[in-house]
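Colleague: I am new to reading models like this one. Can we go through a few parts of it together?

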Amino acid sequence: MNSSSSLPDAKSSPEAESPVLQIWGGHPLRGHVRISGAKNSALVIMAGALLCSGDCRIRNVPLLADVERMGQVLSALGLGLTRQDDILDVDAREISTSKAPYELVTQLRASFFAIGPLLARLGVAQMPLPGGCAIGARPVDLHVRGLQAMGAEVQIEHGICNAYVPGSDRRLKGARIYLDTPSVGATETLMMAATLADGETIIENSAREPEVVDLANFCNSMGAKIQGAGTSTITIVGVPQLHSTDYSIIPDRIEAGTLLLAGAITRSEFTLSPVVPDHLIPVIAKLQKIGVPIIEEGLNCLRILPAEVLRATDIDTLPHPGFPTDMQAPFMALLTLAEGDSIINESVFENRLRHASELNRLGADIRVKGNTAFVRGVPMLSGAPVIGTDLRASAALVIAGLAAEGQTTIQGLNHLDRGYDRLDMKLQQLGAKIIRVNNEALADAESHTNNSNPPASVSI
């Protein structure tokens, strides 16, 4: 991807660089912070650009390692990409190959979603089975069964998903598809495939997430005919081809929620925008139940106020419009300091509570049984070295570190950089005492100084 901005290098080894975050807790946040474009929209909309027979301009694209990886996948398929700040131009007029590179797809689950657009445009696709955070099984069987219902022949051999559309026109056919579970990835893959299919496709029990609606709006801006996105039934009438567009991605509701939790745990007051408050209804409702005041200021701005008391509450993760699984770990960090006992039930992914043991290293009192965490509030957290085990777990540790007494050092930033656009710099802008250093610099600093206090000036 040609770019005038620098992204985290997806090809470099995180272990070789070994960056860490150092946080000195107990500092209130104030001011205003800008919310970046939604990670989960950006990745699938980039894949959706494969549907376009011309040029696409995508605005509000966040600066993320995963976005860089998706750009590399598209480049490997023959697309031209140029980035200027948060604007990404994609030339999708020619797709030179239907085979996606193994070493990239296995690092980024969202890149598998390109199988739908590739089949729609070329009638053939070869996609390695996907990778990503180790938060539980996320099989692609719903994607495969839906594509088969639309007439594709699909075989999975040696870790590669080989798909093609038989017939002289090599065009997918409209179909009625029922999803056993409202999978976001399957909904998006099949919706994209159906935009160029022959006839009408109806996806029942579809995912209702805002990012699904964003993808539908993007496709419609190119001439697709999609109705019902955001409901449990989506109808797509296929068209022969899609045209160029200029489209802006929605704000990232998970980044906004994470920053709200950073404010809640530090008893701070600040504003954040742009946001879509309707996308944050379950997060705002849960924060208010805990005792954190949230005020809407205008159409796209929120103000958080300090809580008098943080109260315990129970959380059950559910598909949208329920409580989002991506906010479970950050909320657990907040509830470690709430008065009383909280119960968190993770019902979306079966391996997404590993951050509990790391929060306990900071002084939390969390007991895990199966997919349920029992959180007993404690008076304070204490800084310690911890490791982020996945994307949202890393964010939870950052939140906890902002409130912990003393210094917290967080490893595993390769996870954090996958999904947060310079989170450390945004927190620093709000007044947090947080710096990013590599292990070599950290060891050198510790050999000369006592690192129990933050530096007089912080720069990244």
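Modeller: Two strands pair if DSSP finds at least two bridges between them. Keep in mind that this is a predicted model.

Colleague: How many bridges join S5 to strand S6?

Modeller: S5 covers residues 80–84, and S6 covers residues 87–91. The two strands run antiparallel. Pairing takes at least two bridges, and the number joining S5 to S6 is five.

Colleague: Which residue in the hairpin of S5 and S6 takes a positive phi?

Modeller: Glutamine 84 in S5 stands opposite isoleucine 87 in S6. The hairpin has two residues between the strands. The one with a positive phi, near 55 degrees, is aspartate 85.

Colleague: Is lysine 39 buried or exposed?

Modeller: Lysine 39 lies in helix H2, and its contacts beyond its neighbours within four places in sequence include Pro62, Asp252 and Arg418. Buried means under 20% relative accessible area. Lysine 39 has 8% relative accessibility, so it counts as buried.

Colleague: Which residues does UniProt list for "binding site"?

Modeller: The record is an unreviewed entry, and it lists Lys39 and Asn40. Of these residues, the lining of the largest cavity includes Lys39. The side chains of the two make a polar contact at 3.2 Å.

Colleague: What is the relative accessible area of asparagine 40?

Modeller: Asparagine 40 also lies in helix H2. Leaving aside neighbours within four places in sequence, asparagine 40 is in contact with Glu211 and Asp326. Asparagine 40 is partly exposed, with a relative accessible area of 30%.

How values were computed: Residues are numbered from 1 along each chain as its sequence is written. This is a predicted model: local features need pLDDT of at least 70, side-chain atom pairs count only at pLDDT 80 or more; totals for chains, interfaces and linings use all residues. Side-chain values use heavy atoms; hydrogens and water are left out. Buried means under 20% relative accessible area, exposed over 50%, partly exposed in between (1.4 Å probe, protein chains only). Helices (H or I, at least four residues) and strands (E, at least two) are DSSP runs, numbered from the N terminus. UniProt positions are given in the numbering used here, feature names are shortened, and annotations may be inferred rather than shown by experiment. On a 1 Å grid over the protein atoms alone, a cavity is a set of points where a 1.4 Å probe fits but cannot get out, and a pocket is an open set with protein on both sides within 12 Å along at least five of seven lines; lining residues have an atom within 4 Å of a point. Contact means heavy atoms within 4.5 Å. A polar contact is a pair of N or O atoms within 3.5 Å; within protein, one must be able to donate a hydrogen and the other to accept it, and residues adjacent in sequence count only if both atoms are side-chain atoms.
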